[in-house]
Amino acid sequence: MSARTPQPVAYQRNALAPGILAAIALFLAPLLIGNDWFLLIRFVVAIFAVIVGWFAIQAKQWWWLPVFAAIAVIWNPIYPFEFSGPVWVAAQPIAAVVFLVAGGLIKYQPPADGPKKR
């Protein structure tokens, strides 16, 4: 009788790269508020919020969905909310930390047999 050692479980952290890129943009955002470049920051943050939210859905971590839906709406560049003041400036690094935490915690376990073939 041979003892089988359990295989390590492989996880993918698909949300980590977009979370880091969004955090970089958000840490730079307070420097660009009131500038034309802030529109680019809003596009980047809204798009990466949707991407990280999608990875949360794939990982079946539904509790992240309202957080990233709110970020996508608040940083929406198409119909922007005109926030200003110290609360808006403080919201940028807070959202960056949320992206970093979510990127680290959202992990997806792919099927053991690989992708299904037709």
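1. Isoleucine 106 is in contact, meaning that heavy atoms lie within 4.5 Å, with Gln12, Arg13, Ala15, Val52, Phe55, Ala56, Ala59, Gln61 and Trp64, when residues up to four places away in sequence are not counted. The model is a predicted one, in which local features need pLDDT of at least 70 and side-chain atom pairs count only at pLDDT 80 or more, while totals for chains, interfaces and linings use all residues. Residues are numbered from 1 along each chain as its sequence is written, and side-chain values use heavy atoms, with hydrogens and water left out.

2. The protein has 4 helices and 0 strands, where helices (H or I, at least four residues) and strands (E, at least two) are DSSP runs numbered from the N terminus. Read from the N terminus on, the order of the elements is α-α-α-α.

3. Ile106 also belongs to the largest nonpolar core, which has 25 residues, and together with Phe68, Ile71 and Phe99 it touches the most other members. Such a core is a set of buried Ala, Val, Leu, Ile, Met, Phe, Trp, Tyr and Cys residues joined through side-chain atoms within 4.5 Å. At least two residues of this core come from each of helix H1 (16-32), helix H2 (38-58), helix H3 (65-74) and helix H4 (86-105), and H2 gives the most, with 7 residues.

4. H3 and H4 pack with their axes 12 Å apart and at an angle of about 140°; here the axes are lines fitted to C-alpha atoms over the stretch in contact, and angles run from 0 to 180 degrees between N-to-C directions. On the H3 side the contact is made by Val67, Phe68, Ile71 and Ile74, and on the H4 side by Trp88, Ala95, Val98, Phe99 and Ala102. These residues divide into 9 nonpolar, no polar and no charged, with Ala, Val, Leu, Ile, Met, Phe, Trp, Tyr, Cys and Pro counted as nonpolar, Asp, Glu, Lys and Arg as charged, and the others, Gly among them, as polar.

5. Proline 86 is found in helix H4, and this residue counts as exposed because its relative accessible area is 70%, whereas buried means under 20%, exposed over 50% and partly exposed in between (1.4 Å probe, protein chains only). Proline 86 and proline 30 are 56 residues apart in sequence, and their C-alpha atoms are 9.9 Å apart in space.

6. For the protein as a whole, 31% of the 118 residues count as buried. Among contacts with a separation of 6 or more, 80% join residues 24 or more positions apart.
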